[in-house]
Amino acid sequence: MDTLFTPYRLGNLELRNRTIRSAAFEAMCKNNRPTKELFDYHVAVAKGGIGMTTVSYAAVCESGLSFDTQLLLRDEIIPDLRKLTDAIHAEGAKASIQLGHCGNMTHRRTCHCTPIGASGGFNLYSPTFFRTMTRKDIEEVAKAFGNATRICIEAGFDAVEVHAGHGYLISQFLSPYTNHRKDEFGGSLENRMRFMKMCIGEVVKAAGDKIVVTAKLNTSDGFKGGQTSEELIEVAKEMRKLGVQAITLSGGFVSRAPMHVMRGQFPVPVFVHYFPWRQWWLKLGVLVAGHIVSPTVPFKHLFFLEEAKKFQAAMPDFPFIYVGGVTSREDADRVMEEGFPLLQMGRAVLEDTDFVNKMAADKHHCSQCEHSNFCVGRMYSRSMQCHKNCVDITPAMERAVKRINRQNDRMERKLGYKK
């Protein structure tokens with residue numbers, strides 16, 4: 001039998017196959033609580049054959065909110081989340097949820113306080129100033145990760161994924177680019193890991209044997225001056241000691257190298273189109289400087305594979321989860337052949353929620369996602385959708401997407417990433 005479609009046991013959890021819907025922000029919440037759109041999407045992914053689907057990215061406390069359309073974990077929404085997990089289970093899939101805190105990547109009007117970070121500074125993207133976290137802040141946020149885990153257990157989730165990558169709060173402490181502290185939380189790697197250890201410690205304590213604990217970690221920050229794979233391998237080893245049962249290997253930094261996370265062009269026309277006019281300065285800023293602030297990183301299949309293999313070589317008996325550029329059955333089989341026990345996909349199952357079933361039926365099946373990143377540009381103002389499934393897309397926006405796709409195609413062919 002093909003490895004991809006064999007069951008896999010992760011801790012006390014058995015998945016029906018090796019596929020996971022990656023934690024990719026859906027922007028499908030209203031007043032920071034689940035909506036029917038969020039419910040319908042994840043149930044469709046479960047029905048489409050996925051082994052486990054991940055709801056994301058959920059803020060563990062109000063100061064950790066990046067968006068009004070983001071999930072905020074609190075007791076009052078447990079019944080809504082339980083309906084979602086029950087429906088996912090009814091389709092034969094498991095349910096995971098990503099726990100995160102955005103740190104400095106927010107605005108006062110969203111998080112209802114002065115934004116916080118490992119160190120103080122100015123967030124160009126909001127734009128707003130943010131302050132350095134105090135010891136009290138650090139302790140409160142760490143405990144919030146534990147409380148969020150309790151809520152997820154009561155809501156029926158099978159696993160939690162601690163977001164320690166992409167330049168959000170835990171990553172802001174880990175990376176020397178954003179951590180300029182002079183106390184016990186800054187300086188050496190051991191000190192920069194201290195906040196992460198507190199957060200994961202609270203999660204593992206709350207989880208017990210009731211829920212599987214995984215984490216998302218960068219393979220590198222994706223730019224000079226950020227964390228390298230050598231340091232991050234040491235972080236992965238520490239996560240294992242703390243009780244993390246699997247690690248998803250990603251990369252990139254939202255405030256410095258955002259396209260390293262997903263590859264392709266920064267979709268300037270999409271951002272500008274969907275940003276509301278009351279945020280005219282953001283429209284203007286993205287239009288003028290979008291491609292400068294967020295330069296293109298060409299898409300290629302399995303774009304994190306070589307860096308991920310370094311972690312695998314350093315910890316050969318640990319279950320790393322591969323993510324990044326899996327768009328076909330051929331890609332998925334390659335990941336299995338390289339020895340990764342599980343893989344994650346985001347855009348492929350956004351474009352087609354039945355993608356996994358189609359891979360099972362056809363060894364040559366390939367996603368029709370064109371990597372225009374329309375879904376990414378849209379999610380900051382509306383729900384995350386593929387342009388092919390978007391009912392309110394305008395003809396002008398369709399033309400813009402086609403233009404981006406043509407540019408991507410030429411670039412990928414020139415670099416030899418596409419034949």
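In which sense do β8 and strand β10 (residues 128-132) pair, and over how many bridges? They pair in the parallel sense, over two bridges. The views below come from a predicted model, where local features need pLDDT of at least 70 and side-chain atom pairs count only at pLDDT 80 or more, while totals for chains, interfaces and linings use all residues. Residues are numbered from 1 along each chain as its sequence is written, and side-chain values use heavy atoms, with hydrogens and water left out.

**View A. A three-stranded open sheet runs β8-β10-β9, with mixed pairing.** The edges belong to β8 (116-117) and β9 (121-123); each has a single partner strand, so one side of each is left without a neighbour in the sheet. Look for Gly117, whose bridge partner in β10 is Thr132. Strands here are DSSP runs of E with at least two residues, helices are runs of H or I with at least four, and both are numbered from the N terminus. Two strands pair if DSSP finds at least two bridges between them.

**View B. Strand β6 (residues 52-59) is mostly covered.** Eight of its eight residues are buried (buried is under 20% relative accessible area, exposed over 50%, partly exposed in between, with a 1.4 Å probe and protein chains only). Strand β3 (residues 19-21) pairs with β6 in the parallel sense over two bridges, and strand β7 (residues 94-100) pairs with β6, also parallel, over six bridges. Thr53 is a handy landmark: Arg21 stands opposite Thr53, and Thr53 stands opposite Ala95 in β7.

**View C. Leu302 and His371 both have a positive phi.** Most residues other than glycine have a negative phi. Leu302 comes in at about 55 degrees, in the loop between α11 (280-293) and α12 (305-314). At 8% relative accessibility, Leu302 counts as buried. For His371, phi is near 60 degrees, and the residue lies in the loop between α15 (355-361) and α16 (374-379). His371 is buried too, with a relative accessible area of 9%.

**View D. Arg399, Lys402, Arg403, Arg406 and Arg410 gather in a patch of positive charge on the surface.** Patch members have over 30% relative accessible area and no salt bridge, with like charges joined within 9 Å and nonpolar side chains (Val, Leu, Ile, Met, Phe, Trp, Tyr) within 5 Å. A salt bridge would be a side-chain nitrogen of Lys or Arg within 4 Å of a carboxyl oxygen of Asp or Glu. Arg406 is found in helix α17 (residues 395-414); at 48% relative accessibility, Arg406 counts as partly exposed.

How values were computed:
Accessible areas come from the Shrake-Rupley method with a 1.4 Å probe; for residues, only the protein chains shown count as cover. Lys and Arg count as positive and Asp and Glu as negative; His and the chain ends are not counted. The place of a charge is taken as NZ of Lys, CZ of Arg, CG of Asp or CD of Glu.
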